[in-house]
Amino acid sequence: MPTAVLTDHERTAVQAYLRLLQTVRAALDGPPGSSRAPVVPPAALAEAERALAAAGLSGNEEAFFRLLHTWCPETG
């Protein structure tokens, strides 16, 4: 159960990151032996970058991952 109280921007950043993480995992979990490189849609990365910027967390990964771990411990 999350214990940190997030601002709307922080919550949006965490949610965008989790969506990006799910997208990357899905891309990497492609069929075994596939000769195609995994593709992550640029829009998923752009969404996460915008959300981090809006939360004031761009360039401050340590603060973001501390926040993420506090709110969603199963990610780290």
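**Figure 1. Contacts across the chain.** Of the contacts between residues at least 6 apart in sequence, 66% join residues at least 24 apart, a contact being heavy atoms within 4.5 Å. This is a predicted model, in which local features need pLDDT of at least 70, side-chain atom pairs count only at pLDDT 80 or more, and totals for chains, interfaces and linings use all residues. Residues are numbered from 1 along each chain as its sequence is written, and side-chain values use heavy atoms, with hydrogens and water left out.

**Figure 2. The whole chain.** The fold has three helices and zero strands, in the order α-α-α along the sequence. Helices (H or I, at least four residues) and strands (E, at least two) are DSSP runs, numbered from the N terminus. The C-alpha trace spans about 45 × 25 × 20 Å along its principal axes. Of the 76 residues, 22% are buried, that is, under 20% relative accessible area with a 1.4 Å probe, protein chains only.

**Figure 3. Surface and charges.** The accessible surface of the chain is about 5,400 Å², and carbon and sulfur atoms contribute 58% of it; areas come from the Shrake-Rupley method with a 1.4 Å probe. There are 6 positive and 8 negative side chains, and the centres of these two sets are 5 Å apart. Lys and Arg count as positive and Asp and Glu as negative, without His and the chain ends; each charge is placed at NZ of Lys, CZ of Arg, CG of Asp or CD of Glu.

**Figure 4. Helix α1 against helix α3.** The axes of α1 (residues 8–28) and α3 (residues 61–71) come within 11 Å and cross at roughly 85°. Helix α1 is therefore roughly perpendicular to α3, the term for angles of 65 to 115 degrees. Glu10, Ala13, Val14, Tyr17 and Leu18 of α1 meet Phe64, Phe65, Leu67, Leu68 and Trp71 of α3. Axes are lines fitted to C-alpha atoms, for helices over the stretch in contact, and angles run from 0 to 180 degrees between N-to-C directions.

**Figure 5. Leu67 in helix α3.** Leu67 belongs to helix α3 and counts as buried because its relative accessibility is 15%. Leaving aside residues up to four places away in sequence, Leu67 touches Leu6, Glu10, Val14 and Leu57. The C-alpha atoms of Leu67 and Val5, 62 residues apart along the chain, are 9.7 Å from each other.

**Figure 6. Ala55 in the loop between α2 and α3.** Ala55 sits in the loop that joins α2 (42–54) to α3. Its C-alpha atom is separated by 4.7 Å from that of His9, 46 residues away along the chain. With residues up to four places away in sequence not counted, Ala55 touches His9, Glu10 and Ala13.

Definitions and conventions:
Buried < 20%, exposed > 50% of the residue type's maximum accessible area, 1.4 Å probe, protein only. Parallel < 35°, antiparallel > 145°, perpendicular 65-115°, else oblique.
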